[in-house]
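Dear colleague,

I am passing on the structure we spoke about, together with some notes on its strands, its nonpolar cores and its aromatic rings. Please have the model open while you read.

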Amino acid sequence: MRGARALAICLLSIGLSVQAATLRVRPGDDLQAVVAAAAAGDVIEIERASYRVNLKIDKQLTLRGIDRPTLDGGLTGDVIRVTAPDVLIEGLIVRDSGDDLTAQNAGIYIYPGAHRAIVRHCDLTYNLFGLWIEKADDVLVEGNRITGKRDYMSPQRGNGVQLYNTKGARVIGNDISFVRDALYIDVSHHALFKGNKLHHSRYGTHYMNSYYNLWEDNDTYYNRGGLALMEVREQTVRNNRAWGNSDHGIMLRTIQDSVIEGNVVAGNQRGFFIYDVEYATLRGNLVVDNVVGAHLSAGSTRNVVERNDFIANREQVRYVGARDERWGVKEGNHWSNYLGWDRDGNGIGDVPYEANDMVDRLSWRYPSMKLLLASPSVQALRMVGQQFPVLRVPTVTDPNPRMRPRQSDWSQWLGRYFPGV
């Protein structure tokens with residue numbers, strides 16, 4: 001072995017390249033021993049079998065499964081721990097990590113400094129955390145199926161993919177379920193999250209303190225909350241689908257300078273939950289068949305809200321504020337409960353849309369009042385509130401309500417509710 005190393009160094013010194021070796025692991029072989037003996041840059045091909053291992057990778061290697069072998073952690077520690085940069089792991093079943101939340105046991109733990117790690121086309125199952133990625137930049141997590149310890153209560157589970165203090169991550173085309181939060185992102189910037197299916201968890205995404213990221217073409221469904229984006233700025237959130245979540249579809253909390261466009265938010269308790277949001281653009285979203293289309297509070301103002309379709313929500317907007325909030329100033333939004341008219345036929349209603357009135361606010365404060373909403377006395381109270389400005393309450397107003405929705409296929413999203421609701 002020592003002579004081979006000396007020969008490699010000699011070849012490099014005269015400008016000749018050394019080819020990486022391909023090592024084969026067969027059933028019954030000691031996988032950790034093969035990894036320890038491999039040289040940096042080698043490819044390790046693992047034949048189909050079950051290997052009981054808590055594997056440590058401390059050099060640049062490629063681990064490639066042949067016919068999907070299983071690496072089993074025996075319900076202890078991490079199944080695979082990566083401490084070196086430029087490691088590629090693909091085509092494996094990685095299962096049965098430990099369940100120590102303090103130690104952050106994971107199917108694959110990418111340690112600080114393990115930059116440019118790639119994990120693709122793997123099944124990570126019955127691990128506490130599927131992937132824990134910490135202080136490692138430019139990682140790629142692609143095409144994996146990740147499921148957690150689904151017999152554990154939600155607080156006892158780990159997350160599907162956890163990113164902490166990273167840059168340049170790409171999380172693409174994964175299917176993540178039965179974990180605490182499918183994607184947990186903290187202090188991670190310039191990342192791409194695209195084409196993922198995030199379901200049957202607490203949050204599809206639990207996301208904080210991260211900037212300059214793109215969320216595109218993800219499905220979040222059958223969670224408690226879909227996309228929860230908090231304490232962030234400079235986000236682009238486009239063409240996602242958040243449906244059938246038991247609380248919110250998309251939560252925007254303490255966000256600035258971001259664009260949220262082209263998303264479908266359907267069948268949730270609250271479509272959008274907008275809290276302390278400023279200088280954001282909400283454009284071209286379909287908000288359909290939620291209990292509350294948009295719940296707006298905590299001084300969310302100075303936002304551009306245009307060309308959205310609010311259709312068949314039991315409450316289009318629930319707004320709590322001290323002054324009117326103007327949406328649709330330039331192009332308007334469509335409101336399926338708009339009762340105005342369009343005499344000049346330009347597609348824009350002639351009277352402004354107002355989302356809430358005095359009766360709505362009373363019903364929020366006294367929910368039992370909803371039993372009387374159809375009564376003549378309450379209808380009279382609503383009419384009085386409309387006719388006498390002194391009784392008018394601050395609300396979301398749209399001066400240019402569009403008579404027709406932009407999205408003609410909205411009806412396919414009706415009835416996409418959380419199971420059992």
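Strand E30 (residues 270-278) pairs with E33 in the parallel sense over 5 bridges, and within this pairing isoleucine 274 has leucine 296 of E33 as its bridge partner. Please bear in mind that the model is a predicted one. E33 also pairs in the parallel sense with strand E36 (residues 315-319), here over 4 bridges, and histidine 295 finds its bridge partner in arginine 318 of E36. Strand E33 itself, which spans residues 292-297, is mostly covered, since 6 of its 6 residues are buried.

Turning to the nonpolar cores, the largest has 77 residues, and those with the most contacts inside it are Ile44, Ile80, Ile89, Ile108, Leu131, Leu252 and Phe272. The largest share of this core comes from E25, which contributes 4 residues. If its neighbours within four places in sequence are left aside, isoleucine 44 is in contact with a set of residues including Leu23, Val25, Leu31, Leu61 and Leu63. There is also a second, separate core of 8 residues, and among them are Trp243, Val264, Ala266 and Ile311.

Tyrosine 221 and tryptophan 243 form a stacked pair, with 4.6 Å centre to centre and 5 degrees between the planes. This pair links distant parts of the chain, 22 residues apart, with tyrosine 221 in strand E24 (residues 219-221) and tryptophan 243 in strand E26 (residues 241-243). Both tyrosine 221 and tryptophan 243 are buried.

Tyrosine 222 and phenylalanine 418, by contrast, form an edge-to-face pair, with 6.5 Å centre to centre and 85 degrees between the planes. Tyrosine 222 lies in the loop between E24 and strand E25 (225-238), whereas phenylalanine 418 lies in the segment after strand E40 (396-398), so this pair ties together parts that are 196 residues apart in sequence. Tyrosine 222 is partly exposed, with a relative accessible area of 25%, and phenylalanine 418 is likewise partly exposed, with a value of 26%.

Two further points concern aromatic rings. Ring pairs link Phe310, Trp327, Trp335, Tyr338 and Tyr353 into a cluster, and the charged end of arginine 150 sits over the ring of phenylalanine 178, 3.7 Å from its centre.

With best wishes

Note on methods. Residues are numbered from 1 along each chain as its sequence is written. This is a predicted model: local features need pLDDT of at least 70, side-chain atom pairs count only at pLDDT 80 or more; totals for chains, interfaces and linings use all residues. Side-chain values use heavy atoms; hydrogens and water are left out. Rings of Phe, Tyr and Trp (its six-membered ring) pair if their centres lie within 6.5 Å; planes under 30 degrees apart count as stacked, over 60 as edge-to-face and the rest as tilted. Helices (H or I, at least four residues) and strands (E, at least two) are DSSP runs, numbered from the N terminus. Buried means under 20% relative accessible area, exposed over 50%, partly exposed in between (1.4 Å probe, protein chains only). A charge sits over a ring if NZ of Lys or CZ of Arg is within 6 Å of the ring centre and within 35 degrees of the ring normal. A nonpolar core is a set of buried Ala, Val, Leu, Ile, Met, Phe, Trp, Tyr and Cys residues joined through side-chain atoms within 4.5 Å. Contact means heavy atoms within 4.5 Å. Two strands pair if DSSP finds at least two bridges between them.
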